[in-house]
Every structure is written in structure tokens, then in C-alpha cells.
Amino acid sequence: MDKYICIHGHFYQPPRENPWLEEIELQDSAYPYHDWNERITAECYGPNAAARILGPDMKIIDIINNYSKISYNFGPTLLYGMERNKPDVYKALIEADRLSTKNFSGHGSALAQVYNHMIMPLANKRDKYTQVIWGIKDFKKRFGREPEGMWLPETAADTESLEILAELGIKFTILAPRQAKRVKKLGKDGKWENLSEERRIDPTMAYRCSLPSGRNISLFFYNGEISQEVGFGGLLNNGEAFARRLASAFPAQVDERPALVTIATDGESYGHHHHHGDMALSYCLYYIENEKLAKLTNYSEFLEKCPPEYMAEIHDNSSWSCIHGVERWRINCGCNSGGHPGWTQAWRAPLKDAMDWLRDSLVLIFEHEALKYLKDPWGARNDYIDVILNRSRENVEVFLKKHARRELNFDEKVKTLKLLGMQRNAMLMYTSCGWFFDEVSGIETVQVMNYAARAMQLAQDITGVSLEPEYLNILETAPSNVCENAKNAFEMFVKPVRLDLLRVGAHYAISSLFQEDNTEKVSIYCYTARNEDYEKLGGGRFKLAIGRTKLASNITWEEADLSFAVLHLGEHNLNGGIRYFTDEAGYSVMKKDMRSVFEKGDIPDLIRAMDKHFGTNTYNLWHIFKDEQRKIINQILQQRYKEIESSYRQIFEDNYAIMDFLRRLSIPLPRPILASAEYILNLDLKREFGDHLEKERLEDLINNSRKLSITIDGDTIGFKASAWVNSEMEKLEIDPENSERIERIRDVLKLLAPIPVRLNLWKTQNIYFAIGKKLYAQINEKIKKGDGAASRWAGAFGDLGNFVHVKVS
């Protein structure tokens, strides 16, 4: 019996982008990272692209790209952000697919995914088509080939969805074993056999699913028990045990038929949910190949070598994460996280009703309005992914020319892009995570309501009619465990983040006060501001900015000409006014009036002038987008930080001798004195990992911290120290024979070794391994010839390897 093993990872994160900004804003819960996508990339997606294999001494002996040896899919919305924010990891994912074609008979391991994780059986037919088309086109743009397989979100499947996959050229998908309804052997003698808990499907082969249209699609059913052990058991604690567990699942009987053991889990198991899960996976793959337990494969290769001999039918409306089918995404079926006993999920049905009502209302608007501009509105929506993937003006113009009924003027182009953006958000609002968890005011559910709010805003821009009152009426019937009902959640969490061009303009105007230089053109997320006029007055505590800017959306092309004035009275006291520009005369009057009153120093009159010229269109720091808001607040607090530091440092220095005396007597330090020591020593340690690190000073700081038993801020110092080491290694990569730099990095890591900081040396280890592979042989030849510099390099490089836990022979 030929034995094959295929491990599939479904890599996906709930979309976290602000729908109005098209970017993820700062998430404090992901500290010390900017947001959870960045954190999970550092913990999982990146490490799997360069996964470590450890030798007997627990040092790295090889680094492999796990993705090239498994089957994997990445959510398109996740890749969209990764391409811009973590291009090195993104490139490694794409390269892995190319490498896998060499490993697996020309078949790439990457699978496409339905675009935004919509539960397909609950979608209407039109949305199903668009979701699959977008998933295929996104895949082709990124991987440069047609996808052979496609991942269905939550493996949720029905016959209609399988029909659409097959029609659009998808050869196979992966399902949970309980989704199989009955099987039979191919051929006229085959008889259907119903499946049950007692008679489960054999997951060691591929199956053909014959569809009502006459088309076929192949199905793989993963091994449920082992997948469960990977995701929720302890199987990732040991790579060898993982490999042996997979090998144990082959049929015991001797059979000539090739057998496949396949598992499918959330890819985040390999490093995020389970620390070092990436290393368990890499060693598992290494052990399988080294011990010849089986041949690693992917689904496409196996399908080519071992075509289906059996047919299978599925249970319609079934999935991998709801034992009731797909009820978790439409009713209170009882499935939940288990983290909040007693909470109800009765909100799921009314939330689904609200989204369905909104979707159907938006369909009517789209069909009525888009026909004015587009030859085939729904065909244009299917192709709109081409715009999402490339929003350059030239590309959008090509798209509009292809789909427009006639030549459109600028305002008509804006309306067309708004209509298509409305439809995009109408699909994003069905992202499965919105129903998966326990509470309607949770961040995932608020996110889908954000998409709904953006869709309604675009619809109102086009028609002048608000859909929000009826939408909120339905949400009011959705009970909340926290804030009474979903309408309240919408009012509390969605409305405050909703914005228009005036709000974006206010962000620009206020933040400009805190910029050193105000350039003519400024990018603000997916908006562009162009200064027509700008003047900043004052200095020190009081400042006034007056200006005029043209603001444009890069998504809808909507534009606004705005005038503004912003007054900063020191610290957080800030008042800004903004309005649509009317004419040059009115702007000049406002500018002259504001400047005149400011120069007199009459603050009450200045505020009255602000009210006179801008009325209720006033803004403050609360209205600034989160990242810039935090940056400005930190600027404002700098003086306070300096004063606090000065006070703490005085206490620390004045009491250092008594602290040392108490330490030698084993007497605990008084809390106020200890607080000053912890603050100052942690602050100085963080600062030390800048551009001018002094090894002797770092050593003194660490010795003092250990001597006084100071609690180290391990997360922040570890983050900053890792960044310093990685930066030094990048410099070493350019000049790899620089022994002095190697010794410097080694010495700093040696100093850090005794203190409780968690270093992320993933990039450092990659660079070290690559340098070692490239230079070690050359250096050894020089050593044999008596080259003292080479001996120094080898000694320092070997020592550094001990600290970064890498061995290169």
C-alpha cells in the first residue's frame, strides 16, 4: 500500500479594517504589536515561512518553508493587508506555492478561498457566484496560476455552492467527515451506503460528487480525530509524536489501494494558538520524510495519481464548526465559545434578518441606479475585484470603459464607484465571524455592522434616502448580554467611527498642527489631501492653523473642497472648525478675521469667531483617527513625561544607597522607592536599544535591575531589544565578515540572557543561518591557511550561534 500524508492549514483572520479607512487601526490588546494581524503574523505566518528544525542539543540545524510541504489557503482579505504591511512574509507564501510544484508533480499547494468568509449555504446565488469569482481572481493575481481547489468558509457546503465551484473550474474542496451523507463505488454495480456515527466515511481516499447539472467535483474528507487533537489537544507539543500519530491512521489491512491520511485545522494552530506549533509542524514533516513513514503530498497531486473510485453525497447545509449544520450563523442553536455560560445567542436570528433586509434593499437600489451607467451591473460587480486589487486611476478607468453603457462624466464615475463599493460592503457584512461568537456587541459582530453602516451611507449618498431607521428597528429585536440590544451596540460602537469627508478633513486639519512640515500632498489612509493654502500662526502653548484643502477618496473618487481653522490652547485643549469651501471672498474674510483675533490674544473672541464661521462643524482630538490620535496625545504628554521622569529619577538617585543597604539586609524595598527604581531602570533599558547602544551602560542597567530585584517590563524591552538585534543582523547581512559587529551582537545577547525578556529572534536566526551556509566553508579554508581574522570570525560566529540557538556545520 502506497502511503500519503497531506496536512492542510486554513490561515484566516477576521477582517479588522475600518471600512471608511481601509486600514486596521491601533489595537491596544495586541501590544506590543500594532494590531492582531501583525502579532499573529509574527507568531505564526512568518515563522511557518522559515520554520526551525532542532537537533538533539535543541539548536536549529535547518530552516524550511512549511508551506511548501503542506496544503494551505490564506483568506484574501488577510493577504490584502499582508502584501502591504509584511511583504517579506507575503513573498514567502507565494514562493512556497512555486516550491511545492517541484515537490508535488507540478501541482501547487495553495488553495483559493471564497472571498470574505461568507457562509455559502446561507448566501443568495448571486453572492455565491461573486464570492467564488473574487476568490479565483484574487488567487490568480497573487499566485500566477489557476486554482485547482477552493476552501469553503467553515467548510460550510450545499449542492448549489458545489455546482458553482465546479462550473467555475474548481476541481476539489475539503470537508469535515460528518458532512458526508452516503457513498458508493463507482460503476453500475455500486450501491449507495448511508453513513452514520457507527458507519463513518473512509477519509483515506478522494471521492467524486456528481452534481445535478452533470458536472463533477472531487471531495476530500479530513481525519476528524487527529484534526481535533492538533487544534484542541496536545499533539503539537512534540513533532515526532505528531508524525507518528498521522502514520498510525493508515488502514491496518494490507491493501493495494493507495491511502491518504489528511487533516485540516485552523493554520493559526501552528504558532499562535500553540506556541512553537510551527516547529512541531516542521519537525513532523522532517520526521515523516526522514523515517519514510509516508510520502508527503497535496490534494491536487493525490487526485492526479489516485482518481476517485467512490462517489459521495453530502448533507446540504453542513459545516465543520456547528454540529447543527449552519445554524450557528442564523439562530441560537446552542453552539458558542463556552466562555460565557448563561449568555444567549438569540441575537443571531434578528441580526441575520437585519442583514438580509438590508441586502435585499441594496439590491433594488443597485439594479435601479447602476443600470443608468453600466451595461451589466452584476457582471461589473463580478469584475470589481480587479479594481480592489489595483486602485490606480488608470486601472479604474480601464474597468469603467469596459463596463460603462456610454462615456461617463466625473460625477457619474463617482456614483458608479459608490454603487460598487456599496455592494462590496453588502457582502463583507456577511463575514462569518459576525455570528460565530457569543455577544452581539463583540468586536467581530460590530465589525459586520460597520460594513452595513458603510453600505447604508453609500446608498444614502446615491439616493438621498436613509435605510438606517428600519435596519435599527430590526436590530432592536436582537437581545444583547451586555447592552440590552443590538441597536444600542450600533449606537455605541458603530456610529462613533462612521465618517465623511468633513471628518477626514478635520483629522487632517487637526493633525497638521502637530506636523513639522505640511507638504502640498498628504495621504490619509485611503484619502488624499492637497493643500491649496495653509498658514500656521503662533508657537509654544498657543497655535492656530488656517487653511484650505482639496480632499479626495481613493476608493470612490468623491471630492470636497474644504476650509478650516484649528486652535490649540495647550495640552489636550483643542478646537477645530471645518466647512465646505464656498468662494474665495468668504474664505479670505474667515482667514483675516481668525488671524486678527488670534494676534490680539483674545481667546474668548477667537472661539466666538470659530463658532461664527463654522457653526456646529467643530471637532477636537476625539475625532482624530486612532493612530494619529495616540501619536498626538503622546506629543502632548511629553512635557508631563519629562516632569514625571525627573521626579522619579530624583527619588531613585537620592535613595539608591539606602536601597542597596536594604537589599544587603534582605529587607524588601518600600513600595514608593521600588516604584521609582522600576520606572527609571525600565525606561533607561528601553532607551538603550536605540541608535547608540553602549554595552557598558547596558550592563550596568541590567546589573542594577537584578541587584534590586526590579520587575522587568519583559514585553516592551524584549520587543525593543529584538528590533535592535534584528537591525544589527540586517547590517551584518550586508557586511557578513564584520567580526566586530558579530562580537557586539553576541555580547549584547549575552547580557540579556539572565533577564526575563522574550526575544523574537526569527529574523536574526534566518540571517544567521543564511550567512553560515554561505560563508562557513570559505572561512574554514582560510583558517586552514592560518588566517587569524578568519579564526576570530569563526569563534565569534560560533558563540553568536549559541545565543541565537542555531548550529551551522
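Glu-484 sits in the loop between α17 (468-475) and α18 (486-494), with helices (H or I, at least four residues) and strands (E, at least two) taken as DSSP runs and numbered from the N terminus. This is a predicted model, in which local features need pLDDT of at least 70 and side-chain atom pairs count only at pLDDT 80 or more, while totals for chains, interfaces and linings use all residues. Residues are numbered from 1 along each chain as its sequence is written, and side-chain values use heavy atoms, with hydrogens and water left out.

Ser-105 belongs to the loop between α3 (87-103) and β5 (110-113), and counts as partly exposed at 41% relative accessibility. Another backbone detail turns up at Tyr-31 and Pro-32, which are joined by a cis peptide bond with omega about 10 degrees. Pro-32 is placed in the loop between β1 (3-11) and α1.

Turning to charge pairs, the structure holds 69 salt bridges, a salt bridge being a side-chain nitrogen of Lys or Arg within 4 Å of a carboxyl oxygen of Asp or Glu. One of them pairs Arg-39 with Glu-43, with the closest N and O atoms 2.9 Å apart. Both residues are in helix α1 (residues 36-49), where Arg-39 and Glu-43 lie four residues apart, about one turn of the helix. Glu-43 is buried, its relative accessible area being 16%.

Arg-381 makes a salt bridge with Asp-127, again with closest N and O atoms 2.9 Å apart. Arg-381 comes from helix α11 (residues 377-383) and Asp-127 from helix α4 (residues 125-143), so this pair ties together parts that are 254 residues apart in sequence. Both ends are tucked away from solvent by the cut-off used here: Arg-381 is buried at a relative accessible area of 1%, and Asp-127 counts as buried at 5% relative accessibility.

A further salt bridge links Asp-684 to Arg-649, the closest N and O atoms being 2.9 Å apart. Since Asp-684 is part of helix α24 (residues 671-688) and Arg-649 part of helix α22 (residues 626-654), the pair ties together parts that are 35 residues apart in sequence. Asp-684 counts as buried at 7% relative accessibility, whereas Arg-649 is partly exposed with a relative accessible area of 21%. Asp-700 has its place in helix α25 (residues 695-707) and is partly exposed, with a relative accessible area of 48%.

Thr-764, in helix α28 (residues 762-784), counts as buried at 0% relative accessibility. Not counting residues up to four places away in sequence, Thr-764 touches Val-725, Asn-726, Met-729 and Val-804.

Thr-618 is in strand β20 (residues 618-619) and counts as partly exposed at 28% relative accessibility. With neighbours within four places in sequence left aside, Thr-618 is in contact with Asn-575, Gly-576, Gly-577 and His-623. Thr-618 and Gly-576 are 42 residues apart along the chain, and their C-alpha atoms are separated by 5.4 Å.

Tyr-525, finally, lies in the loop between β15 (521-524) and β16 (527-539) and is partly exposed, with a relative accessible area of 29%. Apart from residues up to four places away in sequence, Tyr-525 touches Leu-21, Glu-23, Asn-554, Phe-625 and Asp-627. Tyr-525 and Pro-670 are 145 residues apart in sequence and 48 Å apart in space, C-alpha to C-alpha.

Key:
Buried < 20%, exposed > 50% of the residue type's maximum accessible area, 1.4 Å probe, protein only. Contact = heavy atoms within 4.5 Å.
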